[in-house]
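The exercises below concern one protein chain, shown here with its sequence. Please inspect it before reading the solutions.

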Amino acid sequence: MSEFDLIRQHFTRATQHTHLGIGDDAALIKPSANMQLAISVDMLVAGTHFFADAAPYQLGWKALAVNLSDMAAMGANPKWATLAIALPAVNQPWLTEFSRGFFACADAFQVDLIGGDTTRGPLTISIQIIGEVPIGQAIERSGAQLDDEIWLSGHLGDAALALAHIQGHLTLTSEAFASCAQALHAPQPRVNLGLALVGLANSAIDISDGLLADLGHILQRSKLGASIYLANIPQSTHVKAALVAAQQKVRQGAASANHGDDQKILSMLLAGGDDYELCFTATAENHNKIMQLSQSLKLPLTCIGHITQGTRLAVHGLNDELLDFKEAGFDHFK
């Protein structure tokens, strides 16, 4: 199979809002009236971002979903994507399932694949996403204001728990692992939330590298600090159960107990990453509007703290003690 046969068979299909898509030297797109383009790119490398034997359908979904999450954080409506993929060899069943997962995500969010590239090499997937946002209304990281409330969508920690289970660092029940693995392999980008936050949120970011690291980016760009409260961080029942189990081992003096086990679970919650929830800030005057938005979207939105003077990110424990975390989140070069 030639490179062009591969593209034609697995990645060429009708588009919804594109003048010219796959098949020429470049795609032709035109933003809608009074819109500007938001553009982002992510690279996924086997062995770094995913296991080389990852299920191709799930990988196809996630490869696009993580890019859609960036659009959500900007309040942009994703419309177009390009896909560059390096393959060790042409594996027809793998390509069929990968493209099926990719287009399942594309169909769910009405995104056109408009071009890209294929080559031989170590398995690497690079996707560029392009969306539209009303001119001057994109939600930027630099927009946080003093005394803003800090909000989170959904809950954190499940993806990190699933990864820890896969790597043998802890053991989940089969039911808990199935649920957490869904968060790891098939994240749900909060596009509808991002669109609804335009004009409501002052700043936003998606949680890809961990809450502390990503909220830290907002604080750095906005030149402000924050106080967040552990008691308010939304956790799934699986994260709560893992914390309870770790704390019980310590209290019972179990031979296998490690006094750092509960800290490891807390680190998965606050710095684990791969959550793809939105963290955003908004004035206290918008609190009720955000709660109403939570109900209309049927998506939990939780206020976890507020923006402060200075540049410090203070994490308050259950007894209001200040917690210290050496690692704030994932960094490719640490």
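The model is predicted: local features require a pLDDT of at least 70, side-chain atom pairs count only at pLDDT 80 or more, and totals for chains, interfaces and linings use all residues. Residues are numbered from 1 along each chain as its sequence is written, and side-chain values use heavy atoms, with hydrogens and water left out.

**Exercise 1. Overall composition**

State how many helices and strands the protein chain has, what percentage of its residues count as buried, and what percentage of its contacts join residues 24 or more positions apart.

Solution. Step one is the secondary structure: the chain contains 10 helices and 11 strands. These are DSSP runs numbered from the N terminus, with helices being H or I of at least four residues and strands E of at least two. Step two is burial: of the 334 residues, 48% count as buried. Here buried means under 20% relative accessible area, exposed over 50%, and partly exposed in between, with a 1.4 Å probe and protein chains only. Step three concerns contacts (heavy atoms within 4.5 Å). Among contacts with a separation of 6 or more, residues 24 or more positions apart account for 85%.

**Exercise 2. The faces of helix 5**

Compare the span of helix 5 with the expected value, and determine which of its residues are buried.

Solution. First, helix 5 covers residues 174–185, which is 12 residues, and its first and last C-alpha atoms are 16 Å apart, close to the 16 Å expected at 1.5 Å a residue. The expected span is 1.5 Å times one less than the number of residues. Second, the buried residues of helix 5 are Ala176, Cys180, Ala181 and Leu184. Third, viewed down the helix axis, these buried residues fall within an arc of 125°, so they line one face of helix 5. The arc is taken over the directions from the helix axis to the C-beta atoms. Finally, Ser174 and Glu175 are exposed on the other side of helix 5.

**Exercise 3. Strand 4 and its partners**

Solution. Two strands pair if DSSP finds at least two bridges between them. Within this pairing, Val45 has Thr124 of strand 4 as its bridge partner. Ala86 stands opposite Thr124 in strand 4.

**Exercise 4. Salt bridges**

Find how many salt bridges the whole structure contains, and examine the pairs Lys79 with Glu132, Glu97 with Arg100, and Glu277 with Arg190.

Solution. A salt bridge is a side-chain nitrogen of Lys or Arg within 4 Å of a carboxyl oxygen of Asp or Glu. The search of the whole structure finds 4.

- In the pair Lys79 and Glu132, the closest N and O atoms are 3.0 Å apart. The pair links distant parts of the chain, with Lys79 in strand 2 (residues 77–87) and Glu132 in strand 4 (residues 124–134), 53 residues apart. Both Lys79 and Glu132 are buried.
- Glu97 and Arg100 meet at 2.9 Å, N to O. They are 3 residues apart in helix 3 (residues 92–108), and about one helical turn separates them. Glu97 is partly exposed at 26% relative accessible area, and Arg100 is partly exposed at 45%.
- Glu277 and Arg190 meet at 2.9 Å, N to O. Glu277 lies in the loop between helix 9 and strand 8 and Arg190 in the loop between helix 5 and helix 6, so the pair ties together parts 87 residues apart in sequence. Glu277 is buried at 7% relative accessibility, while Arg190 is partly exposed at 21%.

**Exercise 5. Positive phi values**

Locate Lys223 and Tyr276, and decide whether each is buried or exposed.

Solution. As background, most residues other than glycine have a negative phi. Lys223 has a positive phi, near 60°. Lys223 is placed in the loop between helix 7 (211–222) and strand 7 (225–229), and is exposed at 66% relative accessible area. Tyr276 also has a positive phi, near 55°. Tyr276 is placed in the loop between helix 9 and strand 8, and is buried at 10% relative accessible area.
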